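Subject: Structure handover

Hi,

Here is the structure I promised to pass on. My notes follow below it.

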Amino acid sequence: MAEPRFIIEASEAKSISQSTGLTLTQLLPNIVKSAQPLARVPISKFHVAAVGVGISGRIFIGVNVEFPNLPFHHTIHAEQFLLTNLSQNKETQLQYLAVSAAPCGHCRQFLQEIRGASDIPLLITNSDSSDFTSLSQFLSHPFGPHDLLPKHVPLFLEPRHNDLSLLDLEASIDDSIAGSNGYTNQLKVAALEAANESHAPYSESPSGVALLDSSGNVYKGSYMESAAYNPSLGPVQAAIVAFIAGFGAGDGAAEYGELVEAVLVEKEDAVVKQESTARLFLSSISPHCRFNVFLCTSNNKIKN
Amino acid sequence: MAEPRFIIEASEAKSISQSTGLTLTQLLPNIVKSAQPLARVPISKFHVAAVGVGISGRIFIGVNVEFPNLPFHHTIHAEQFLLTNLSQNKETQLQYLAVSAAPCGHCRQFLQEIRGASDIPLLITNSDSSDFTSLSQFLSHPFGPHDLLPKHVPLFLEPRHNDLSLLDLEASIDDSIAESNGYTNQLKVAALEAANESHAPYSESPSGVALLDSSGNVYKGSYMESAAYNPSLGPVQAAIVAFIAGSGAGDGAAEYGELVEAVLVEKEDAVVKQESTARLFLSSISPHCRFNVFLCTSNNNKIKN
């Protein structure tokens, strides 16, 4: 296999399939194995890779990411990384899922945010079996969106627009905001976009983060909520997924020290507030990264 | 049923069983129903109660607790509340578990920290069935302690002592420490005890919190780790469980505003650090509560140095 990356385009997936004589699903164990070294696991050394085939024919990769010096709820699981990667690349359906080890209960729960989650065919590559089993076998009698939401609410991977706009006044600043520059504005726009795409139907507190690296690249991530609350993925974590996946592969890539600025956009009346937690997280992984928060509100309210 | 509380003593459980002619397990759906109103769910309004029968014959109750204005990872699930309650009351085995709704995956995972979790008989009281089903049916091919730890490491509800002692110097202070008083010392001792009981074999970063209310009562809570990391329960959350369960029943009880002081004890070289998160959490739920952190170390480290 070529150097591993976080997305394999449909045409390339097809050509690998043709040249190896293996179907996409038969290739998955190899792809999982190649992706495991990309996991960032300084605490557990337990490398997990999750690989998904989207309906577009693209193959997506997720790995687990640990953050020393922070509580464990900041950890990104491989399945969460994968779903975030799918979402950030506008993939609307997950057709097959292969993971290097049985997903934990936290992830089996997080996966419930996808419509038809119970039917997702899952392959565990470290097991004796090479058969796919539907996710329902792994989480029977699931608790999920159907327990809390009306049927018409968009679920994860489905398009949504939260109809948010930035407030006029800058609500939360750090001492660098006086030097607010073109990048900050660009980050504000990206973070607002991410907030507008954020799946947060339980708290109705969508939020988004945009990160800027030293090369001027912008990465955005949306808060992604779980019906079971705790498995929800924070917006900074989602942006970190974009950073790691967007930066390329290999051990020297995507160092957090390369982040120079971050912006969070969240609602002024949010029942779930990200600001302090985002600040704590960023100051731990990237102490020199500037951080600003801008508040937004629902356009419905603006009419008032 | 009498006014609901968070523990029913073995003798009382027996006497309820005798007077109703129902076995303990037959009583569980009623106990679950009586406990649901104790859930603190300002965000979801989704009241969950989890009731457990311990090997001692005592019945324990857990409810879910939500915290507005904070990220959702601070939420305490009913099953987590129950396990914390069991642990704080030195119950060594969970014999039966009844919950008002199917446990979510986060909780099915958290439950794996108990030895023999797969065999725990579980009853879901809002389902058509009145039969117990083993937890293994709800989380097949589980990921758990067995994937990461040697067999001899104590699991949840099993006794442990982490062999920690406080460092001599006070590492993290707020402006009230100059008036350090008898309560602070008492809280330090309680938080250290809680850190020594803390189940944290994955990070080897045990920690404990002690809370003081305006009546002078002390509540302690231990950090409780999950093999899957994210479902871990923070030490302040565990202490809040002790506060809610210990303060009595009813809706007007255990108001966070009654907390006047909190102490966290954690290791100086911890790979999982609780201080900033604990401070954030406490300042949100109880802004006037004083908060101090004291660092500890493993006695192994002390002796060698």
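A cut-off to start with: a residue is called buried when its relative accessible area is under 20%. Please also keep in mind that this is a predicted model.

**Strand β2 of chain B**

With that cut-off, look at β2(B), residues 49-54. Six of its six residues are buried, so the strand is largely enclosed by the rest of the structure. Both faces are covered. On one side sit B:Ala49, B:Val51 and B:Val53, all buried. On the other sit B:Ala50, B:Gly52 and B:Gly54, also buried.

**Its neighbours in the sheet**

β2(B) has β3(B), residues 59-63, as an antiparallel partner, joined by five bridges. β4(B), residues 94-99, is also antiparallel to β2(B), again through five bridges. B:Val51 is a handy reference point here. It stands opposite B:Ile61 in β3(B) and opposite B:Ala98 in β4(B).

β2(B) and β3(B) form a hairpin with four residues between the strands. Within that hairpin, B:Gly57 takes a positive phi near 90°.

B:Ile7 has B:Phe60 in β3(B) as its bridge partner.

**The interface of chains A and B**

Now the contact between the chains. 44 residues of chain A touch 44 residues of chain B. Together the two chains bury about 3700 Å², and 62% of that is on carbon and sulfur atoms. On the chain A side, A:Phe72, A:Tyr229 and A:Asn230 lose the most area to chain B. These three account for 21% of what that side buries.

How many salt bridges cross the interface? The rule finds zero. Polar contacts are present, though: 19 residue pairs, both residues at pLDDT 80 or more.

Two helices of chain A, α4 (105-110) and α8 (275-285), each supply at least two residues to the side that touches chain B. α4(A) gives the most, with four residues. By class, that side of chain A has 22 nonpolar, 18 polar and four charged residues.

Over to you.

Best wishes

Terms used
Residues are numbered from 1 along each chain as its sequence is written. Chains are lettered from A and ligands numbered from 1 in the order in which they are written. This is a predicted model: local features need pLDDT of at least 70, side-chain atom pairs count only at pLDDT 80 or more; totals for chains, interfaces and linings use all residues. Side-chain values use heavy atoms; hydrogens and water are left out. Buried means under 20% relative accessible area, exposed over 50%, partly exposed in between (1.4 Å probe, protein chains only). Two strands pair if DSSP finds at least two bridges between them. Contact means heavy atoms within 4.5 Å. Buried area is the accessible area (1.4 Å probe) that two parts lose on being put together, summed over both. A salt bridge is a side-chain nitrogen of Lys or Arg within 4 Å of a carboxyl oxygen of Asp or Glu. A polar contact is a pair of N or O atoms within 3.5 Å; within protein, one must be able to donate a hydrogen and the other to accept it, and residues adjacent in sequence count only if both atoms are side-chain atoms. Ala, Val, Leu, Ile, Met, Phe, Trp, Tyr, Cys and Pro count as nonpolar, Asp, Glu, Lys and Arg as charged, and the others, Gly among them, as polar.
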